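Student: Could you take me through a close look at one part of this model, the aromatic residues and the backbone around them? I would like the criteria spelled out as you go.

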Amino acid sequence: MLLKTLNRLVSRITFIAKRKNRSLFPQPRNIALVLSSITLSFSLAAHAENQPSNDSGLSETGFKSYVAQLKKEAAEKGIDKTKLDLAFADITFRPTVVKSDKSQPEKKITLDDYLATRVPDWKVKQAVEQYNEHKVLLDEIAQKYGVQARFIVALWGNESNFGKIQGNFSVLSALASLAYEGHISVEALKGSWAGAMGQTQFMPISFLNYAVDYDGDGRKDIWGTKADVFASIANYLSSEGWDSEGTWGRQVILTKPVPFSGLAKSNMKPLAFWQQNGVKRYNGNELPKAEISASLIMPDGEQGRIYLVYNNFHTLMKWNRSSYSGVSVGYLSERIKRGY
């Protein structure tokens, strides 16, 4: 099963490389990213056949054996030994990563709680300042990729607090530890405990698919080069179907029970449909008379905030499958647009 999973992933990475007309491993630095993706795929597939049923079986010795097997199978796939030695040189078992994985918060918070912590006024102020400071570059990238600059900044702020919080875990060690439990140097390949990297907090496979060397220096530096960070965010959204002429959604109220809600594509209906079913703007006025389809979402039920969200919100959900996260990005983008 482990080898079969590896085969599928390597085939996928090869397909991506061919589609982009690039060699699979053109630079030594890229091996760390490819291996990160390979390791990440084992987090599900390897659990059942390689691990004991409780935490007491996890050990440094077992981890080393697991990594040796991973390295052996990567070598069998033709990855250069020198590059493998470089990438695997400092991989260590991080039990704190496994602990973090097992201790994800279970307490239910509301969207209001989430927005208060994710989009406080101080972050809005910083977002507006960053937007204004980098406006020339942002407008250039926005024009090229067809993604409004305010959404680029909102995602940047939401993911890494404008580059200030990127994580300090070794990405290879973090992903390998998680797997054992169930265009930068290797030394600088840092990220969150779960393996998300850089100011964009891309997972390794997202880096391979969407990272951009916008400044043309030969490195897709989502860790330290703002041009690459902004372009990589824009490239992701553009590639996943962003509409440059549209926005993300609007908060609304219900004047009577609606027939259905949720993000299923079958639930996207024209604004006229929602108007007929008692959905109003948040201020009580009628919805715009526009040929736009929208989904009605109620993240906290009918007693919480209610939104009509458009195609761009569905694209944001591909970035992060959390409606709370999508709303927070949209909300911050609106605050940036207003300038406060």
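Tutor: Happy to! Let's start with Phe162, which is buried because its relative accessibility is 5% (buried means under 20% relative accessible area, exposed over 50%, partly exposed in between, with a 1.4 Å probe and protein chains only). Before going further, a word on the ground rules: this is a predicted model, in which local features need pLDDT of at least 70 and side-chain atom pairs count only at pLDDT 80 or more, while totals for chains, interfaces and linings use all residues. Residues are numbered from 1 along each chain as its sequence is written, and side-chain values use heavy atoms, with hydrogens and water left out.

Phe162 sits in the loop between helix H10 (149–160) and strand E1 (169–170); helices (H or I, at least four residues) and strands (E, at least two) are DSSP runs, numbered from the N terminus. Its backbone deserves a glance too: the phi of Phe162 is positive, near 60°, and this residue is not a glycine. Most residues other than glycine have a negative phi. Gln201 is also a non-glycine residue with a positive phi, of about 55°. You will find Gln201 in the loop between strand E2 (190–191) and H12, and with 15% relative accessibility it counts as buried.

Now to the rings. Searching the whole structure gives 14 aromatic pairs, where rings of Phe, Tyr and Trp (its six-membered ring) pair if their centres lie within 6.5 Å; planes under 30 degrees apart count as stacked, over 60 as edge-to-face and the rest as tilted. One of these pairs is Phe207 with Trp223: the ring centres are 5.9 Å apart and the planes stand at 45°, so the pair is tilted. Because Phe207 belongs to helix H12 (residues 204–210) and Trp223 to the loop between H12 and helix H13 (226–239), the pair ties together parts 16 residues apart in sequence. Phe207 is buried, at 0% relative accessibility, and Trp223 is buried as well, at 10%.

Phe260 and Phe273 make a stacked pair, because their planes are at 15°, with ring centres 5.7 Å apart. This pair links distant parts of the chain, 13 residues apart: Phe260 lies in the loop between strand E3 (249–254) and strand E4 (269–270), and Phe273 in helix H14 (residues 271–276). Phe260 is partly exposed, with a relative accessible area of 26%, and Phe273 is partly exposed at 23% relative accessibility.

Finally, look for the aromatic cluster formed by Phe202, Tyr210, Tyr236 and Trp319.
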